Amino acid sequence: MTNMGAKDALCKIAHLAIGLPDTLAYYSASELEAGFKKTMAFQPRVIKQNRGSSGEGIWIIKLKSGNYCKNFGDRSCTDDEVLEMMEACDNHAETHTVGEFLEFCVNGRTAKSGKWDTIGTG
């Protein structure tokens with residue numbers, strides 16, 4: 001682990017008995033969109049946007065509808081599905097669509113990302 005960050009280490013062990021197959025790291029906007037939509041449709045997520053451990057940009061995310069698929073990869077979320085989110089730094093809650101969340105992660109605060117209460121910039 002000395003040659004990689006903690007997030008990368010979790011991804012490297014995803015296929016082992018102690019790992020989870022839906023543990024992913026995203027290095028491009030297209031990887032984020034495809035991967036997040038697929039994993040979010042499977043079960044609640046913890047998404048870590050930034051380096052460090054202050055909790056800013058660490059989101060605990062659930063589908064408001066609870067419409068999770070039985071098997072990882074059976075479906076992907078659509079942009080209009082609603083997310084219930086809590087940020088780890090201060091436990092404040094936000095509600096956004098999948099599309100708004102992805103826009104915020106990739107481009108920050110824009111008209112397309114909606115109104116955010118977090119102190120983070122995306």
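Helices (H or I, at least four residues) and strands (E, at least two) are DSSP runs, numbered from the N terminus. The model you are looking at is predicted, so local features need pLDDT of at least 70, side-chain atom pairs count only at pLDDT 80 or more, and totals for chains, interfaces and linings use all residues. Residues are numbered from 1 along each chain as its sequence is written, and side-chain values use heavy atoms, with hydrogens and water left out.

**Exercise 1. Find where His-96 lies, and decide whether His-96 is buried or exposed.**

Step 1: Recall the cut-offs: buried means under 20% relative accessible area, exposed over 50%, and partly exposed in between (1.4 Å probe, protein chains only).

Step 2: The relative accessibility of His-96 is 4%, so this residue counts as buried.

**Exercise 2. List what His-96 touches beyond four places away in sequence.**

Step 1: A contact means heavy atoms within 4.5 Å.

Step 2: With that rule, the partners are Glu-81, Val-82, Leu-83, Met-85, Ser-113, Lys-115 and Trp-116.

Step 3: Now try a polar contact, which is a pair of N or O atoms within 3.5 Å; within protein, one must be able to donate a hydrogen and the other to accept it, and residues adjacent in sequence count only if both atoms are side-chain atoms. The side chains of His-96 and Glu-100 make one, at 3.3 Å.

**Exercise 3. Describe how helix α3 is covered.**

Step 1: Seven of the 10 residues of α3 are buried, making the helix mostly covered.

Step 2: The buried residues are Val-98, Gly-99, Phe-101, Leu-102, Glu-103, Phe-104 and Cys-105.

Step 3: These buried residues pack against α2 (29-40), β1, β2, β3 and β4.
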